[in-house]
Amino acid sequence: MAQEVRGVIAPAKDEPVRIETVVVPDPGPGEAVVRIQACGVCHTDLHYKQGGINDDFPFLLGHEAAGVVESVGDGVSDVAPGDFVILNWRAVCGKCRACLRGRPWYCFDTHNARQKMTLTDGTELSPALGIGAFIEKTLVAAGQCTKVDPAVAPEVAGLLGCGVMAGIGAAINTGNVGRGDSVAVIGCGGVGDAAIAGSRLAGAARIIAVDIDDRKLELARSMGATHTVNSRTTDPVEAIRELTGGFGADVVIEAVGRPETYKQAFYARDLAGTVVLVGVPTPEMKLELPLLDVFGRGGALKSSWYGDCLPSRDFPMLIDLHLQGRLDLGAFVTETIQLDEVEKAFERMHRGDVLRSVVVL
Ligand code: APR
Ligand code: ZN
Ligand code: ZN
């Protein structure tokens, strides 16, 4: 029997979000219905609402979520009703060439639920990033569910569904930060701070946080930054060089997504260092660099999609570390809110007041 539940809908470009009744079908083959317990508010949800991703309105927003599997369709064996899961927007196969080469982001075989959730008048909804989790229950592909230790608070677990995983993974998966490395992180929002926490976890010796907002730098210190640079008043490339014996950082992580910070990241690394680009630029942004500088610097320039995470490997591991007190994922939750407060949370996010607002249900 299809069920009717409450969900947060972005009805049309730039219109405020509103709560509507959503019809959730029973899970078909390979699908699962998950009772959502928590879902973080991410920039990408705001981009959907603003029409910045595509025009497939109405959207069912929310994609950083954790909850309990309620029912599963035919052929589902990896998760069962009652399992506590984190949802992911890449249901990677683990078997294709991309997965086997350690780049699951490029998996050739990811999928979402085949059936559609609808409004009561039958209008089909587009779930944000193939999830749609500002809702009491949602329909996903079973492969989008990863079981983790249920001892963790749902509002903490859900964070791994997107931004925090992107940042930690940028450091430990894409950047391969190792013991004793020097790391610079440019942009200390939720993603940058997660990169800092990931670098600390990986044993980095120096972690240099760069931001234009002193409030963010203070927070970055509590996440593990050993040095901070306000790039409004200090040239960050110079400062990073000075703090790394004149060489530049072994790994520089860009977590803003703008041409000037991409450029800073490019020049702030050691000649053999790695630049990890996790900040997402807009289509019109361009970067001009002297080719001789591109040629003359060895090392690597890598983009990091979703922290190059393999959910089945990374989610349970990070939850374990959190439960052991070795990684404080709770520090990323600025506030918990109700389903009808998403619009307000977008405003706070826009003003830079929060790392993460998390809807709890
Ligand atoms: N130099 C340094 N820091 C900057 C600059 C700049 N020119 N401009 C903005 N910042 C800082 C902000 O002060 C803020 O602390 O970058 C941070 C951005 O943080 P958030 O807005 O909270 O964004 P976040 O969720 O961390 O995502 C950052 O990563 O995955 C991507 O799409 C995401 O592009 C976005 C980026
Ligand atoms: Zn694959
Ligand atoms: Zn997101």
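I count a residue as buried when its relative accessible area is under 20%. With that in hand I went through this predicted model and kept short notes.

**Entry: strand β6**

I began with β6, residues 84–87, and asked which of its residues are buried on each side. Phe 84 and Ile 86 are buried on one side, Val 85 and Leu 87 on the other, so to speak a strand covered on both faces. In a regular strand the side chains alternate between the two faces of the sheet.

Next I looked up the partners of β6. β5 and β6 run antiparallel and are joined by three bridges. I noted one pair there: Gly 67 has Val 85 of β6 as its bridge partner. β6 also pairs with β10 (residues 145–147), again in the antiparallel sense and over three bridges. On that side Leu 87 stands opposite Cys 145 of β10.

**Entry: the five-stranded sheet**

What is the order of the strands in the open sheet of five? I read it as β7-β2-β1-β4-β8, and the pairing is mixed. The edges belong to β7 (118–119) and β8 (126–127); each has a single partner strand, so one side of each has no neighbour in the sheet.

β1 (residues 3–10) and β2 run antiparallel, with seven bridges between them. Val 5 sits opposite Val 22 of β2. β2 (residues 18–24) in turn pairs with β7 over two bridges, in the antiparallel sense. Val 22 turns up again here, opposite Leu 119 in β7, and Val 23 stands opposite Thr 118 in β7.

**Entry: the six-stranded sheet**

I moved on to the open sheet of six strands, which I traced as β13-β12-β11-β14-β15-β16, with parallel pairing. Here β13 (227–230) and β16 (300–303) are the edge strands; each has a single partner, so one side of each is left without a neighbour in the sheet. From one strand to the next the twist averages 15 degrees.

Inside this sheet I checked β14 against β15. Residues 249–254 make up β14 and residues 269–277 make up β15; the two run parallel and five bridges join them. Val 252 stands opposite Val 275 in β15.

I also asked what lies across β12 and β13. The answer is helix α6 (residues 214–223), which runs at about 170 degrees to β13.

**Entry: α5 against α6**

The angle is about 25 degrees and the axes are 9 Å apart. That puts α5 roughly parallel to α6, because the angle is under 35 degrees. α5 passes α6 in a right-handed crossing. From α5 the contact takes Asp 193, Ile 196, Ala 197 and Arg 200; from α6 it takes Leu 219, Ala 220, Ser 222 and Met 223. By class I have five nonpolar, one polar and two charged residues in the contact of α5 with α6.

**Entry: α7 against α8**

Then came α7 (residues 236–243) and α8 (residues 259–268), which pack at about 25 degrees with their axes 9 Å apart. I noted these two as roughly parallel to each other. The crossing of α7 past α8 is right-handed. Which residues meet here? Pro 236, Val 237, Ile 240 and Arg 241 come from α7, and Gln 264, Tyr 267 and Ala 268 from α8. By class, this contact of α7 with α8 holds five nonpolar residues, one polar and one charged.

**Entry: helix α4**

I left α4 (residues 163–174) for the end. How many of its twelve residues are buried? Ten are, so the helix is largely enclosed by the rest of the structure. My list of the buried ones runs Gly 163, Val 164, Met 165, Ala 166, Gly 167, Ile 168, Gly 169, Ala 170, Ala 171 and Thr 174.

What covers them? The cover includes strands β5 (64–72), β14, β15 and β16, along with helices α5 (190–201) and α10 (311–323).

Methods:
Residues are numbered from 1 along each chain as its sequence is written. Chains are lettered from A and ligands numbered from 1 in the order in which they are written. This is a predicted model: local features need pLDDT of at least 70, side-chain atom pairs count only at pLDDT 80 or more; totals for chains, interfaces and linings use all residues. Side-chain values use heavy atoms; hydrogens and water are left out. Two strands pair if DSSP finds at least two bridges between them. Helices (H or I, at least four residues) and strands (E, at least two) are DSSP runs, numbered from the N terminus. Axes are lines fitted to C-alpha atoms, for helices over the stretch in contact, and angles run from 0 to 180 degrees between N-to-C directions. Contact means heavy atoms within 4.5 Å. Angles under 35 degrees count as roughly parallel, over 145 as roughly antiparallel, 65 to 115 as roughly perpendicular and the rest as oblique. A crossing is left-handed if the near helix is turned anticlockwise from the far one by less than a right angle, and right-handed if clockwise. Ala, Val, Leu, Ile, Met, Phe, Trp, Tyr, Cys and Pro count as nonpolar, Asp, Glu, Lys and Arg as charged, and the others, Gly among them, as polar. Buried means under 20% relative accessible area, exposed over 50%, partly exposed in between (1.4 Å probe, protein chains only).
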